[in-house]
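Work each task with the sequence and the 3D view open, then compare with the solution.

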Amino acid sequence: VKDERKFDPALYDRDSIRAKFGFTPEDRVVLFIGTPRLHKGLVKIAEALEKIGNPRYKLCIIGTSQDDELNAKLKRVKGDHVRLFENQPYSDLPANLRIGDLVCLLQDHESKVARYQMPSKFTDALAMEIPILATEVPPLTNLASLGLVELLGDTPLDQKIDEIFSNYAPFKRKAVENRKVFLEEYSYATAAEKLESVVLPLLGEPPPVPEEFERLLNFHREVFLPPANRAKKAIRVAEKSQRWTPSRRLESHHSVPRRKAVGA
């Protein structure tokens, strides 16, 4: 979910923000904000824009890339289709989203994560009225049935991007309408209302904690103890092991021979 008080396109001047990053009002920008990775489809987008060959079509990547292979492949793309920018403050995310004319969610069909993940970039784009193009994976297929994303299907990526940008008005109009869904389903206000209806009654009358959950909590307490606490606990255990009574010391001294005698 996103804070609807900040993720509101009406709050930010699109042309001035785009100009700051070197884009004109006439450019059509595929926007990616996040950590650039090879598996996120950025090279596919860049190559698709190169294949289309329209100089107005750009890929804007905001996020420092430390992937040498990805950087090398993006540099091989001909023309001025790819613009790379360093990390920007998270507080600037809503404003920077105004750069985009399209967000592509190119999830890998073979990825186990893609079967269940709801990408944060979906709600980013939904809140800021940006059309969304996505591959057909289970979480996004459901969104397509609601009219919230456009599925790539079997259409080549370059053809699909060109189709959207060449006939942009209806896609943009739909994205503007879809902000209503964001406010009703993915906003802070809606999430708070839903969570309160579940959480507040439980605070008044807490249900018993299952034994399995207690074991899980104890496991995490042991594993993730702060180093200082872990050291103190180790000292306590060592001290306790040295505080043996005479009877325990005697029992310990004779325990091994006794077991051997019984075994004989």
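The model is predicted.

**Exercise 1. The largest cavity**

Task: State how much space lies in the largest cavity, and find which residues line the largest cavity.

Solution. 
1. Searching the whole structure gives three cavities of 30 Å³ or more. In the largest cavity there is about 60 Å³ of space.
2. Its lining consists of L31, F32, I33, L93, L97, V103, K121 and D124.
3. Sort the lining by class: six residues are nonpolar, none is polar and two are charged.
4. Assign the lining to elements. At least two residues each come from β1 (28-33) and α5 (120-127). The largest share, three residues, is that of β1.

**Exercise 2. The second largest cavity**

Task: Give the volume of the second largest cavity and say which strand gives the most to its lining.

Solution. 
1. The volume is about 40 Å³.
2. Around the second largest cavity stand V30, L31, F32, L42, I45, L59, V103, C104 and K121.
3. β1, α2 (42-52) and β4 (103-105) contribute at least two residues each. With three residues, β1 gives the most.
4. By class, eight lining residues are nonpolar, none is polar and one is charged.

**Exercise 3. The sheet**

Task: Work out the strand order of the open sheet and the sense of its pairing.

Solution. 
1. The open sheet has three strands in the order β1-β2-β3, and their pairing is parallel.
2. β1 and β3 (82-85) are the edge strands; each has a single partner, so one side of each has no neighbour in the sheet.
3. From one strand to the next, the twist averages 20 degrees.
4. Count the bridges. β1 and β2 pair over six bridges in the parallel sense, and β2 (residues 57-62) pairs with β3 over four, also in the parallel sense.
5. Follow a single row across the strands. V30 has L59 in β2 as its bridge partner, and L59 stands opposite V82 in β3.

**Exercise 4. The faces of β1**

Task: How many residues of β1 are buried, and which way do they point?

Solution. 
1. Buried here means under 20% relative accessible area. By that cut-off, six of the six residues of β1 are buried.
2. R28, V30 and F32 point one way from the strand.
3. V29, L31 and I33 point the other way, and these are buried as well.

Key:
Residues are numbered from 1 along each chain as its sequence is written. This is a predicted model: local features need pLDDT of at least 70, side-chain atom pairs count only at pLDDT 80 or more; totals for chains, interfaces and linings use all residues. Side-chain values use heavy atoms; hydrogens and water are left out. On a 1 Å grid over the protein atoms alone, a cavity is a set of points where a 1.4 Å probe fits but cannot get out, and a pocket is an open set with protein on both sides within 12 Å along at least five of seven lines; lining residues have an atom within 4 Å of a point. Grid points are joined across faces, edges and corners, and a volume is the space filled by probe spheres set on the points. Ala, Val, Leu, Ile, Met, Phe, Trp, Tyr, Cys and Pro count as nonpolar, Asp, Glu, Lys and Arg as charged, and the others, Gly among them, as polar. Two strands pair if DSSP finds at least two bridges between them. Axes are lines fitted to C-alpha atoms, for helices over the stretch in contact, and angles run from 0 to 180 degrees between N-to-C directions. Buried means under 20% relative accessible area, exposed over 50%, partly exposed in between (1.4 Å probe, protein chains only).
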